[in-house]
Amino acid sequence: MTTGKINVSVENIFPLIKKFLYSDHEIFLRELVSNATDATLKLKHLASIGEAKVEIGEPRIEIKIDKEGKKIHIIDQGIGMTAEEVEKYINQVAFSGAEEFLEKYKDSAKDAGIIGHFGLGFYSAFMVAHQVEIITKSYKDEPAAHWICDGSPEFRLNTHDKADRGTEIILHVAEDSEEFLEEFRIRELLKKYNKFMPVPIKFGTKKEALPKPEDAPEDYKTEYVEVDDIINNPNPAWTKQPSDLKEEDYKNFYRELYPMQFEDPLFNIHLNVDYPFNLTGILYFPKMSQDMHLQKDKIQLYQNQVFVTDNVEGIVPEFLGMLRGVIDSPDIPLNVSRSYLQADGNVKKISNYITRKVADKLKSLFNENRADFEQKWNDIKIVLEYGMLSEPKFYEKAGDFALYPTVDGKYYTLGELKEAIQDNQTDKEGKLVVLYASDKELQHSYIDIAKEKGYQVLLLDSPIVAHLMQKLEQDNEKMTFARVDADHIDKLIAKEEPVISKLSDEEKEQLKTALESIVPKTNYTIQLEAMDSQAAPFMITQPEFMRRMKEMSATGGGMFGMGNFPDMYNLVVNTNSELAGKILQESDSATKETLIKQALDLAKISQGLLKGEELTAFVKRSFERLS
C-alpha cells in the first residue's frame with residue numbers, strides 16, 4: 001500500500017482563483033476593503049489590550065483611482081505586515097490571517113468585529129488586475145515590505161521605504177477590467193458593498209458649504225471648502241442598542257437604506273441576539289400592496305457590516321421576505337448553495353428566531369395600542385396571512401393578534417368573532433357560519449340582506465384568504481366560512497321557522513321547465529326556494545366550495561396540485577315572489593322568455609357577470625321595454 005500527500009500546485013490554483021473564486025468580478029473591492037477593515041480593527045484591539053504601543057488616531061481606509069496609470073489603490077492605516085508575515089499570509093494561499101488572529105485572541109477579540117470569513121479574499125484582486133503590489137509596514141518596529149506578483153507563481157519581495165504604518169494594495173488593472181477605473185463604478189461598488197463598514201472609507205473629496213456669517217451682507221455668496229468624501233456610515237442603527245435609538249432614528253435609517261422610498265414604514269422590529277448565534281438587524285414593515293411578488297428582495301444581508309446579498313431566501317422565513325431592512329450575522333455561511341443553507345443548523349435557528357421575534361413584536365403592538373394596530377391592519381395583513389399559512393409556529397402565535405374586520409369597520413380576533421356570532425349564526429349541523437364579503441361594492445346587495453337579518457359580515461379581500469379560511473376550518477371543526485353570495489342566506493344559516501312556498505309542487509315543476517328552456521344548463525343550476533316575498537326574485541350564487549377552489553388554484557395552483565376550475569353558479573328563484581307567479585301565468589311564450597332573460601340579466605348584473613354581447617342585448621331590450 002502506498003500513502004502520501006496530494007500536491008496542489010500554485011500553477012493550478014491561480015487560474016481557478018482568477019476564473020472561479022467568485023461568480024462576479026466586482027466582488028474584488030468588497031474583499032480588499034474587508035481585509036483593510038480587518039487590519040484596522042486588529043490594531044484597535046491590540047491597542048485596547050495594551051499589546052500595541054502605538055498612537056492609533058482616527059484610522060480610515062482610502063480608495064484612489066489612477067486612470068492614466070490604470071491603477072487602483074486601497075490604503076489602510078491598520079496593523080500592517082512584516083516581510084515574514086507577507087510570506088506567511090500572502091504566499092501561502094488560503095492561509096487566513098484573520099482566523100489565526102481570532103484564534104489567538106479568542107477570549108478578548110470576540111466582539112472586535114473582525115470579518116475573518118472571506119478566506120481567499122486577497123486573491124480576488126487577480127480577477128481584475130494583471131499585476132498586484134503590496135506595500136506594507138507593520139505596527140512593530142520593522143522595515144516595510146514590498147511584494148509584487150503578476151498572477152503567476154513567481155513573486156518579488158523586497159524592503160521598502162514606507163514610513164507610516166499600514167498597507168497599500170496597488171492593482172494594475174487588466175484591459176478586460178478597465179470599467180473599474182471609472183469613478184462612478186467604484187463609487188457604486190463602495191455604496192453597494194461597503195456602505196456600512198465599521199471603518200471610515202474616503203473616496204476623493206467633495207465641496208461642503210461654510211456656515212453663513214452672522215454679519216454677512218445681503219449679497220453674500222455661499223463659500224465652499226474641499227473636504228474628504230467619506231462614503232460610508234461606520235455606525236449604522238442596527239449596531240446600536242434599541243435603548244439608544246428613538247423612533248426618528250429608525251425612520252432616518254430607513255431613508256438611508258431606501259432613499260427612493262418616500263413613505264415611512266409602519267413600524268420596525270430591532271433584532272439583537274448573541275446566543276446561541278450572533279444576529280443583529282432591523283426589519284421594517286412597509287405598506288403592502290396586494291401583489292406579493294413585487295415586494296421581495298428588499299432585505300439586505302450583511303456579515304460584520306459587509307454587504308453580502310439581498311436574496312435572503314432560506315435565512316429569513318419566506319413570508320417575511322416582503323419586509324425591508326437589514327440582517328447582520330457572522331454565523332451565516334457565504335457563497336454556498338441554497339440547499340446547503342436550508343440544511344445548516346445555525347441558519348434554521350436564525351429563521352426560527354426571526355419568526356418568533358416578529359410574532360412577539362406584533363403581539364406587543366396589538367396589546368399596547370389596539371386602535372393603531374387595527375388602523376394598520378390592511379397594510380400588513382397579507383404578510384401575516386402568508387405567515388399563518390407557511391409557518392406553523394407563527395400560526396400558533398398569530399391567534400393573539402390576527403384580525404378579522406367586518407364590512408362596517410369593526411375588528412375581531414378569531415376568539416372574539418366566535419363569541420359575537422355563536423348565538424345567531426349557525427347552520428343545520430350546528431356549525432358557526434362566518435359570513436364574509438370579498439368586495440363590498442360588488443356584493444353590496446347580498447351584504448344588505450345579511451345585515452337586515454342581524455348577521456355579522458366580515459370583509460376578507462386579500463388574494464390568499466381562501467387558503468387561510470381552509471386552514472382555519474381544518475383547525476376549528478365547528479366553524480365554516482361562507483361568502484354572502486355563496487347561497488341564499490336562509491340556506492346558509494338555519495332558521496327555526498322555514499318559509500312556506502306559495503306554489504304547489506306541480507307549479508314548481510312548470511316554473512322550472514320554463515326556466516330550463518332559457519337558462520344555460522352548462523353554467524347554472526336552477527334552485528327554487530321559498531323566501532320572504534320582499535327578497536329578490538332572482539339571485540345568482542356561487543357554491544362556496546367551487547368558488548374557493550377556483551380562487552386557491554389561481555393563487556397557489558402549483559403548490560396545491562389544483563387545475564383550472566370552471567365557473568359554476570346557482571340561479572336561485574324565489575317561488576314566493578310576484579315575478580315567479582307572473583312567469584308561471586304568462587301564456588305568451590315570447591313575453592315569458594323576455595321576462596326570464598330580463599330577470600336573469602338583472603341577477604347577473606348584481607354579481608358583475610353581465611358583459612360583452614349579453615350586456616349590449618340587455619341594454620337594448622330594456623330601452624325597448626321602456627318605449
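## Overall picture

Accessible areas here come from the Shrake-Rupley method with a 1.4 Å probe. On that basis, the protein chain has an accessible surface of about 32,500 Å², and carbon and sulfur atoms account for 48% of it. Keep in mind that this is a predicted model.

The chain runs to 627 residues, 48% of which are buried. Take the contacts between residues at least 6 apart in sequence: 71% of them join residues at least 24 apart.

## An eight-stranded sheet

Let's start with an open sheet of eight strands, in the order β5-β4-β3-β6-β2-β1-β7-β8, with mixed pairing. At the edges sit β5 (155-160) and β8 (224-230), each pairing on one side only. From one strand to the next, the twist averages 25 degrees. Helix α5 (residues 183-193) packs on this sheet and touches β1 (61-66), β2, β7 (201-209) and β8. The direction of α5 makes about 105 degrees with that of β7.

Inside the sheet, β2 (residues 71-76) and β6 (residues 166-173) run antiparallel and are joined by six bridges. One of the pairs to look for is I72, whose bridge partner in β6 is L171. Strands of a sheet pair through backbone hydrogen bonds, either parallel or antiparallel.

## Salt bridges

Side chains of opposite charge can pair when their charged atoms come close. A search of the whole structure turns up 31 salt bridges.

Back on helix α5, E188 and R185 sit three residues apart, about one turn of the helix. They form a salt bridge, with the closest N and O atoms 2.6 Å apart. R185 is buried, because its relative accessible area is 13% and buried means under 20%. E188, at 44% relative accessibility, is partly exposed. Both belong to a network of salt bridges that also links E26, E179 and K192.

Elsewhere, E248 pairs with R255, and here the closest N and O atoms are 3.3 Å apart. Both ends are partly exposed: E248 has 42% relative accessibility, and R255 has 33%.

## The D487 loop

D487 lies in the loop between β18 (479-483) and α14 (489-492). It forms a salt bridge with K491, the closest N and O atoms being 3.9 Å apart. D487 counts as buried at 14% relative accessibility, while K491 is partly exposed at 37%. Leaving aside residues up to four places away in sequence, D487 touches L492, Q527, T541 and V572.

## Two positive phi angles

Most residues other than glycine have a negative phi, and most peptide bonds are trans. Two loop residues are worth a look here. K70, not a glycine, has a positive phi of about 55 degrees and lies in the loop between β1 and β2. With a relative accessible area of 37%, K70 is partly exposed.

N304 isn't a glycine either, and its phi is positive at about 50 degrees. You'll find N304 in the loop between β11 (299-303) and β12 (306-309), where the residue is buried, with a relative accessible area of 15%.

## A nonpolar surface patch

Finally, have a look at helix α19 (residues 612-626), where L615 is found. Together with V619, F623 and L626, L615 forms a nonpolar patch on the surface, with about 410 Å² of accessible area between the four. L615 itself is partly exposed, at a relative accessible area of 33%.

Note on methods. Residues are numbered from 1 along each chain as its sequence is written. This is a predicted model: local features need pLDDT of at least 70, side-chain atom pairs count only at pLDDT 80 or more; totals for chains, interfaces and linings use all residues. Side-chain values use heavy atoms; hydrogens and water are left out. Patches are made of residues with over 30% relative accessible area and no salt bridge: like charges are joined within 9 Å, nonpolar side chains (Val, Leu, Ile, Met, Phe, Trp, Tyr) within 5 Å. A salt bridge is a side-chain nitrogen of Lys or Arg within 4 Å of a carboxyl oxygen of Asp or Glu. Helices (H or I, at least four residues) and strands (E, at least two) are DSSP runs, numbered from the N terminus. Buried means under 20% relative accessible area, exposed over 50%, partly exposed in between (1.4 Å probe, protein chains only). Two strands pair if DSSP finds at least two bridges between them. Axes are lines fitted to C-alpha atoms, for helices over the stretch in contact, and angles run from 0 to 180 degrees between N-to-C directions. Contact means heavy atoms within 4.5 Å.
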